[in-house]
Amino acid sequence: MERVLPDVAQEGIEKMIEFAYSFEPYFAPTVVLVPGFVQKGVESLSESTGQDVETLEYLLGMLICYPLGLIMLSLPNGKVKHLFSFILGAFLLQFTIGIQWIHQLISSMVVYVMFLVLPAKTAKTLVPVFMMLYITAGHLHRQYINYLGWDMDFTGPQMVLTMKLYSLAYNLYDGELIKKGKEDRAAKKCAGVAVESLPGIIEYLGYTFCFATVLAGPAYEYHYYAHACDGSLLYDKSGKPRGRIPSQIWPTVRPLLGSLLCLGIFVVGSGMYPLLDPSDPQNADPIVVTAEMLAKPAYVRYGYSWLALFFIRFKYYFAWMNAEGANNIWYAGFEGFDAKGEPKGWEVSNNIDVIQFETAPNLKTLSAAWNKKTANWLARYVYMRTGGSLFATYGMSAFWHGFYPGYYLFFMSVPLIAFCERMGRKKLTPRFDDGRRWGPYSILCRITTSLIVEYMIQPFQLLAFDWAVVNWKNYHYAGHIACVVFYLVVSNLPTPKKKEA
């Protein structure tokens with residue numbers, strides 16, 4: 001990519017990067033948890049399978065969480081589990097990203113000191129600011145040294161950590177308000193995950209480095225992690241079960257098998273319909289904006305893009321479903337029992353509902369089914385804390401993802417779909433919805449949602465501004481125009497009268 005920054009800015013950035021890298025000799029000796037024979041074994045496996053080392057390390061790191069989960073389950077409750085969670089989480093980070101694991105430790109320790117010295121009211125603002133600045137620096141560094149590259153680095157795990165500590169800051173604040181009887185509306189809604197006091201350092205590091213969530217999430221609140229580790233999730237203070245403890249076998253096996261199926265679909269499907277150029281995804285024009293592809297009819301290009309994006313999603317399905325099973329195996333994904341002692345379910349670690357997402361009748365349902373714990377974080381700790389600001393919520397989501405132009409083109413377009421949906425729900429749904437889940441109106445909504453979202457989200461995967469614009473331009477911005485026309489036409493229809501009870 002061509003340089004777009006002035007020479008002075010270029011020199012300043014390079015000096016800052018050089019300064020940061022000057023600490024590498026001091027942190028290199030901290031990478032001690034991965035034996036040399038393990039690294040050599042992965043390299044040998046890479047040569048025999050033809051897969052790059054990074055991909056194999058990540059895949060093996062995800063799968064090893066299952067035997068680690070069995071060990072976690074067998075350990076005595078309390079500090080032993082927290083210590084195991086911390087050490088094995090650190091091992092996985094060193095195994096997958098090497099020396100960059102230190103970012104997780106540094107940011108975790110800085111935030112812990114902030115929790116120790118700052119009032120909860122102040123920490124709930126400064127901790128999120130610090131974590132967002134840290135991940136921002138990471139994203140900018142990645143984009144500067146490896147623009148449009150897909151190499152794995154610390155920013156992935158750091159994004160998960162950002163959600164954890166951002167949430168914990170508010171959980172501690174809510175806990176203090178509830179203790180004083182001064183809880184506000186948001187604190188009342190989040191009372192179930194409030195934390196009364198700062199966890200000890202071992203408990204805290206066990207949560208931030210938790211082996212089952214450190215690579216791909218889900219970033220559930222500290223409340224759930226702590227109760228799974230101290231035994232209070234399943235037993236009361238006298239040691240008596242809170243209810244009939246359900247087996248974790250199927251809640252573990254189901255997402256594991258599902259994740260492996262998704263991995264296979266991703267490998268085969270993306271090989272047949274690649275969005276980016278497989279030979280050089282970082283520099284070569286993506287398949288969907290090549291001269292050969294742009295010469296084809298719009299419906300052919302769109303059909304190809306729809307399939308390419310469909311198969312790309314299975315990469316995320318694999319990671320999230322795999323992590324779900326790795327949490328469920330030691331009951332971290334279990335919701336606990338209701339007042340009657342009946343099991344509530346296993347939603348704590350569930351991060352994706354594939355069927356619901358792929359057949360969503362509207363943007364709200366679609367968003368709720370995708371990356372659930374990120375949506376939960378944005379809803380509880382951004383949307384609710386900013387008076388319901390969509391601008392703040394989507395802005396935070398964009399910043400959290402990074403600074404590629406494609407992210408912002410997508411997030412700036414999403415409200416357009418939301419406005420149309422609200423208008424359609426107000427003017428059309430009362431007229432045509434017959435209440436059946438798969439009625440004609442419902443099916444039309446599902447098809448429309450899929451078509452418009454797949455159009456809008458393409459820049460999110462293309463990343464670069466020029467690639468995204470060329471792509472949309474060659475559809476003549478049809479999706480945007482359709483939304484505007486729909487809104488103008490439907491908003492002028494008379495609002496149906498409410499049916500009398």
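Predicted model: local features only at pLDDT ≥ 70, side-chain atom pairs only at ≥ 80, totals over all residues.
H476 lies in the loop between helix 23 (465-473) and helix 24 (478-491); helices here are DSSP runs of H or I with at least four residues, numbered from the N terminus. H476 has a positive phi of about 60°, although it is not a glycine. At 62% relative accessibility, H476 is exposed. By the convention used, buried means under 20% relative accessible area, exposed means over 50%, and partly exposed lies in between, with a 1.4 Å probe and protein chains only. Y477 is in the loop between helix 23 and helix 24 as well. Its phi is also positive, near 50°, and at 33% relative accessibility Y477 is partly exposed.

Residues are numbered from 1 along each chain as its sequence is written, and side-chain values use heavy atoms, with hydrogens and water left out.

The charged end of R301 sits over the ring of Y475, 5.0 Å from its centre. The criterion is NZ of Lys or CZ of Arg within 6 Å of the ring centre and within 35 degrees of the ring normal. K124 is placed in this way over the ring of Y173, with its charged end 5.1 Å from the centre.

I turn now to helix 9. Helix 9 covers residues 155-180, 26 residues in total, and reaches 38 Å from its first C-alpha to its last, close to the 38 Å expected at 1.5 Å a residue; that expectation is 1.5 Å times one less than the number of residues. G181 follows helix 9 and has a positive phi, near 75°.

Finally, the aromatic residues. The structure holds 46 aromatic pairs, counted when ring centres of Phe, Tyr and Trp (its six-membered ring) lie within 6.5 Å; planes under 30 degrees apart are stacked, over 60 edge-to-face, and the rest tilted. In one of them, the rings of F334 and F337 have centres 5.3 Å apart and planes at 75°, so this pair is edge-to-face. Both F334 and F337 are buried. Ring pairs also link a cluster that includes Y273, W306, Y317 and W370.

Definitions and conventions: Helix = DSSP H or I, 4+ residues; strand = E, 2+ residues; numbered from the N terminus.
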